[in-house]
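Subject: Handover of a structure and notes on it

Dear colleague,

Please find the structure below, together with its sequence. I would be grateful if you would read the notes after it with the model open.

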Amino acid sequence: MLRTHYCGELRPAHIGQTVTVCGWVQRSRDLGGLVFIDLRDREGPAQCVFDADNPLSAEAAQTRSEWCLAVTGTVRERSSKNPNIPTGEIEIEVTGLKVLSRAQTPPFEIEDDTKANELLRLEYRYLDLRRPALQRNLRTRHRAMQVIRQYMDLNGFCEIETPILTASTPEGSRDYIVPSRLHKGKFYALPQSPQQYKQLLMVAGMDKYFQFARCARDEDLRADRQPEFAQLDIEMSFVDLEDIYTLNEGMIAHLFGAFGVTLPLPFTRLTWREAMERYGSDKPDTRFGFELKDLTALTRNCGFGVFAGAQNVRCIVVDHEFTRKEIDALTEFVKGLNVKGLAWHKAESSSFAKFLTETELAAIYGHTGFAPGATLFAVADDNKRLTQTALGALRLECARRLGLLDSGQYNFLWITEFPLFEWSEEEARFVAAQHLFTSPMDADIPLLAQKDLSPVRSKGYDMVCNGYELCSGSIRIHDAGLQSRIFELLGIPADEAERRFGHMLKAFSYGVPPHGGIGFGFDRLVMLLCQTANIRDVVAFPKTQSAVEPMTGCPSAVDAALLKELSIESAQ
């Protein structure tokens, strides 16, 4: 019995045809000899009917949930139609039935609205993946790859695979390392990114490269991250910032257009400093307002000591009048962000208004746009970054509580001109805020001569959508003298630079073109397309927040003999 059609593709046009379908029993119903089986495959369900006089009815009545069947029959019009499914106008009058395999009772219902907890579903991921929603997600992922490949090919890019066994990365997150059996005491590393290889491809003259690279980073996990992930990696030669923006905006618009979403071009651009000032985040969600406002100058000499004694006072105004209970909960929320407290103000009550004059309050109203029906939240601290990031997080939390994050809207923007250096309190020196080969802005190169490097901007950029960082990239340094200067400013002597980056520096001595690129978190991109907040919903076999795969039990112990052969001693 060879399959002729998928269950879910049958329509009224197939009425009268003899078909064979294969799939899993979604549910079966025995109505006293009249048996109905909803058979499901990747395209959806179809109703199979065994009439009372059908000799197969008794066998059909014995089938159970998730048994795998092959069914042959004639497509006919349903007398009781179901408008909620695409196959709801037809059914199959069964003439042949074959049980391909029986199934134990599943540990949870194979339905989109299953109440099973995620850990159980990950343990039985092969069952979880039978749910229609997850199958749709994986097919969306597949289609997105094909759309992007088509776009890149039409724009002259060549897909090239780079190694997955590489040298350990000297900066960034922790590597996953792989011991070498042939070279005792030495290790490979799984790539965190193909960064150096793709730059070397530019030296090789490949000009336009991309790949869907498998990468791994041993870092703490979040809902939108996995220890291993797919990265859409791109690099181009003889380009400037505008070339990068234009290509990638076009690619994203082409991708979303394939799924029926029209994106306005060009994308909005915000410098890093502007994003922090307005939204308190370098990956702002701009689907709603509540922008940060600086109250420092307006409150410097006011009667409220918390404001007057702080070097930074900032606020947001939320278009909703929260209750005192809600405000108390939000106060506890910001305290978890290392903020001492949260000042608040409503039309009828306030935590600070009695300490301010009418003139001072009027100035705050005029500056912030506060009006009755809204709530103003303010944070005061000597640390400017802390006030910004705390209010940025509070802004998102307020939007979440007000249901503003489920709009189905996509707001794309570029964040540009990231700092090239950042001050490390722990090391008491400036460290690289970007990749070591990231170019400074041309206008800021003279600033490299001064002691304070914090004003130096980079030619780095992120694409952001709805509060998610989708990709990061930069224009790279291709001038040997400038690269040496950057190493020197970061306290990397020539011999150490040679040890860590000798292969790159050698390659760059043979005529390196100006180049730049970008790396997209492809899993996160698909997560947006599928409108889910959990990255595990778009990965076939994901790991948990603790980097464990419950289905196979990895990471797992290995045989002592293998460890001995690799000259490794286990701490267990």
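The notes below begin with the whole chain and then turn to individual places in it.

This is a predicted model, in which local features need pLDDT of at least 70 and side-chain atom pairs count only at pLDDT 80 or more, while totals for chains, interfaces and linings use all residues. Residues are numbered from 1 along each chain as its sequence is written, and side-chain values use heavy atoms, with hydrogens and water left out.

**The whole chain**

The protein chain has 16 helices and 21 strands; helices (H or I, at least four residues) and strands (E, at least two) are DSSP runs numbered from the N terminus. Its C-alpha atoms fill a box of roughly 90 × 70 × 55 Å along the principal axes. Of its 572 residues, 48% count as buried. Here buried means under 20% relative accessible area, exposed over 50%, and partly exposed in between, with a 1.4 Å probe and protein chains only. Among contacts (heavy atoms within 4.5 Å) with a separation of 6 or more, 66% join residues 24 or more positions apart.

Helix α4 (residues 132-154) and helix α6 (residues 241-258) have axes that come within 10 Å and cross at roughly 140°. Axes are lines fitted to C-alpha atoms, for helices over the stretch in contact, and angles run from 0 to 180 degrees between N-to-C directions. The angle therefore makes α4 oblique to α6. Under 35 degrees counts as roughly parallel, over 145 as roughly antiparallel, 65 to 115 as roughly perpendicular, and the rest as oblique.

From α4, the residues in this contact include Val 147, Ile 148 and Tyr 151; from α6, they include Leu 247, Met 251 and Leu 255. The residues of the contact divide into nine nonpolar, four polar and one charged. In this scheme Ala, Val, Leu, Ile, Met, Phe, Trp, Tyr, Cys and Pro are nonpolar, Asp, Glu, Lys and Arg are charged, and the others, Gly among them, are polar.

**Two buried serines**

Ser 458 lies in the loop between β18 (429-432) and β19 (460-465). It counts as buried because its relative accessibility is 0%. Leaving aside neighbours within four places in sequence, Ser 458 is in contact with residues including Glu 417, Phe 418, Gln 434 and Met 441. Its side chain reaches the backbone nitrogen of Gly 460 at 3.1 Å.

Ser 57 is found in helix α1 (residues 57-61). With a relative accessibility of 7%, Ser 57 also counts as buried. Its side chain reaches the backbone oxygen of Asp 51 at 2.8 Å. Not counting residues up to four places away in sequence, Ser 57 touches Gly 33, Val 35, Phe 50, Asp 51 and Ala 52.

**Backbone details**

Most residues other than glycine have a negative phi, and most peptide bonds are trans. The peptide bond from Leu 265 to Pro 266 is cis, with omega near -5°, and Pro 266 lies in the loop between α6 and β11 (268-271). Cys 554 and Pro 555 are also joined by a cis peptide bond, with omega about 0°.

Asn 338, in the loop between α10 (324-335) and β14 (343-345), has a positive phi near 70°. At 65% relative accessibility, Asn 338 counts as exposed. Ser 567, in the segment after α16, has a positive phi of about 60°.

Yours sincerely

Technical notes
A polar contact is a pair of N or O atoms within 3.5 Å; within protein, one must be able to donate a hydrogen and the other to accept it, and residues adjacent in sequence count only if both atoms are side-chain atoms.
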